[in-house]
Amino acid sequence: MASNFIQNIIDDDLKNGKYPNGIHTRFPPEPNGYLHIGHAKSVCLNFGLAQANHGLCNLRFDDTNPTREDVEYVDSIQEDIKWLGFDWDDRRYYASDYFQRLFDYAVELIKRGLAYVDDSSADQIRQMRGTLTEAGVESPFRNRPVEENLDLFNRMKAGEFADGARVLRAKIDMSSPNINMRDPVIYRIAHVRHHRTGDAWCIYPMYDFAHPLSDAIEHITHSVCTLEFEDHRPFYDWLLDVLGFDPNNRPRQIEFARLDLTNTITSKRKLRQLVEEGHVRGWDDPRMPTLSGLRRRGFTPTAIRNFCEEIGVAKANSMVDIAMLEHEVRDDLNRNADRVMAVLNPLKVVLTNVEGVEQLTAENHPEREDTRMIPFAREIFIEREDFMEDAPKKFFRLKPGGEVRLKHAYIIRCDDVIKDDAGNVVELHCTIDPDSKSGGATANRKVKGTIHWVAADYALRAEVRLYDYLIRPDAGADEDFIASLNPESMIVIENALIEPSVKGAAPLTRYQFLRTGYFVVDYDSSEEKLVFNRIVGLKDTWSKVQSKG
Ligand code: ATP
Ligand code: MG
């Protein structure tokens with residue numbers, strides 16, 4: 001891992017012998033949605049810091065809010081972290097593992113006069129909290145005797161009260177300049193079944209109570225989180241202080257800037273809305289910035305890890321250009337994806353001096369020796385846009401009377417253009433130069449263009465899905481999120497044609513379709529019908545952005 005300000009802190013800590021048992025981090029997702037590209041940054045950072053420092057990283061589900069959580073998310077989160085290439089070994093924990101201990105800590109606070117049961121409503125509590133410029137107001141229940149608090153808290157736990165009827169609050173300071181210190185709520189009543197603890201509990205700890213204590217219980221040394229938690233740190237410190245956690249041997253919280261990407265939604269709430277309202281086909285829709293969506297789209301874990309490494313870790317929020325992620329994807333695929341030929345928008349070509357079928361040799365990758373055979377025959381298809389009847393001078397593909405090379409095959413000349421009654425070009429008649437293939441007498445004859453093609457009788461039919469960003473590039477910043485969705489974020493080509501070598505390719509197999517882009521076999525693909533997703537086009541817009549800047 002490249003150096004960053006967090007690594008520098010760890011270096012200092014290690015030098016000072018502060019953590020004799022080594023570095024211990026954690027990735028703490030709430031299982032209320034699928035992980036997205038922003039979470040990948042946190043995963044790479046936490047697991048990466050542990051790896052780089054010969055330490056450990058736990059996976060901990062912060063499952064304190066059962067109304068929004070589900071095992072579906074628990075499962076998907078684990079799958080996504082493994083796919084990214086990280087492993088928590090046997091250290092998978094849940095905040096719910098600690099519900100009893102957290103309850104006991106709360107009881108201890110009550111006994112020491114540091115927490116109280118408040119009968120005020122949520123609204124009243126909000127009103128009494130004050131503002132940034134005005135101190136808060138003490139609740140009329142703030143000075144309840146300890147015994148009464150204990151009794152009420154136990155009865156909250158026993159299920160005697162309705163949701164929202166009472167809460168437990170820490171007793172700190174209603175006039176603190178930090179609003180998080182104005183007697184924050186630490187327990188609430190929720191008669192909701194929990195995906196792990198079932199009906200055992202009807203009170204649940206608040207995130208701000210459970211999180212620092214869970215970190216401390218797990219002996220986390222460096223508790224890395226996003227910037228918005230900076231203002232919560234004084235409460236975490238207060239809690240660990242009063243509960244007697246050794247100040248020299250407790251989690252140190254370090255905040256970093258969250259990842260925001262251009263053209264990308266990284267709000268779980270909005271992603272969930274897209275799924276629930278059917279604007280996309282699911283959490284793993286290839287347009288989604290979720291890790292399961294990016295996986296289905298054909299992005300590689302290597303590319304995502306390289307991207308997270310490349311953007312680094314900062315202390316101030318900023319916007320990263322999505323082109324940079326796409327650049328990493330291209331970079332990885334350019335090196336590793338096999339090349340094949342596919343025609344997305346076919347135009348028939350009859351090669352009038354060709355009979356029978358010939359198997360030609362084609363390299364699988366320009367930097368490798370291995371090859372495959374591709375059939376060549378009298379009828380082929382080329383890309384419609386590779387032919388132009390009234391071509392401008394600089395058009396180096398096929399035109400009437402012109403010549404072009406068929407990749408891995410022969411030079412052809414266009415002799416005739418066949419049209420339908422409406423004047424549309426429906427077929428070309430061409431002749432090959434029989435000596436122009438590799439090894440032939442005119443193999444090195446120069447023609448300006450080389451185009452891809454497939455043999456009509458041997459090509460496989462494929463559905464190809466082309467994607468664009470979910471949010472229209474021209475959407476206004478304050479435009480309604482749903483109104484700003486791009487109606488052309490998915491375009492389906494039903495009848496693309498692809499060379500037969502890809503037959504039977506498993507989902508997630510990635511290819512470069514020569515001259516067209518990078519494509520991946522979709523889960524919907526079958527023996528009967530191949531389905532591909534376009535991962536990215538060939539043109540790298542990131543290099544362009546950089547040279548401009
Ligand atoms: P919420 O808490 O509102 O449900 P969240 O995106 O913070 O949403 P968590 O499950 O709490 O979801 O996130 C798990 C971890 O990932 C947290 O440590 C969080 O700080 C981190 N994280 C979330 N979004 C980003 C982001 N865009 N960039 C970097 N880290 C992120
Ligand atoms: Mg969060």
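Helices (H or I, at least four residues) and strands (E, at least two) are DSSP runs, numbered from the N terminus. This is a predicted model, in which local features need pLDDT of at least 70, side-chain atom pairs count only at pLDDT 80 or more, and totals for chains, interfaces and linings use all residues. Residues are numbered from 1 along each chain as its sequence is written, and side-chain values use heavy atoms, with hydrogens and water left out.

**View 1. Ser42 in helix α2.** Helix α2 spans residues 37-52 and contains Ser42. Ser42 has a relative accessible area of 13% and is therefore buried (buried means under 20% relative accessible area, exposed over 50%, partly exposed in between; 1.4 Å probe, protein chains only). Residues up to four places away in sequence aside, Ser42 touches Phe27 and Phe256 (contact means heavy atoms within 4.5 Å).

**View 2. The largest nonpolar core.** A nonpolar core is a set of buried Ala, Val, Leu, Ile, Met, Phe, Trp, Tyr and Cys residues joined through side-chain atoms within 4.5 Å. The largest has 42 residues. Leu109, Phe153, Tyr187 and Phe209 have the most contacts inside this core. Elements giving two or more residues include α4 (99-111), α6 (146-158), β6 (185-189), α7 (207-217) and α8 (233-242). The most comes from α4, with eight residues.

**View 3. Around Phe209.** Neighbours within four places in sequence are left aside here. Phe209 is in contact with Leu102, Tyr105, Ala106, Leu109, Ile186, Tyr187, Phe235 and Leu239.

**View 4. A second core.** This separate core has 41 residues. Among them are Ala50, Phe61, Leu291 and Ile322.

**View 5. Packing of α7 on α8.** The two helices pack at an angle of about 60 degrees, with axes 10 Å apart. Axes are lines fitted to C-alpha atoms, for helices over the stretch in contact, and angles run from 0 to 180 degrees between N-to-C directions. So α7 and α8 are oblique to each other (angles under 35 degrees count as roughly parallel, over 145 as roughly antiparallel, 65 to 115 as roughly perpendicular and the rest as oblique). On the α7 side, the contact is made by Tyr207, Asp208, Phe209, Pro212, Leu213 and Ala216. Phe235, Tyr236, Leu239 and Leu240 make it on α8.

View 6. Most residues other than glycine have a negative phi. Asp89, not a glycine, has a positive phi of about 50 degrees. The loop between α3 (71-84) and β3 (92-94) holds Asp89. Asp89 is partly exposed, at 49% relative accessibility. Arg515 has a positive phi near 70 degrees. Its loop lies between β25 (510-513) and β26 (517-521). With a relative accessible area of 39%, Arg515 is partly exposed.

Technical notes: Chains are lettered from A and ligands numbered from 1 in the order in which they are written.
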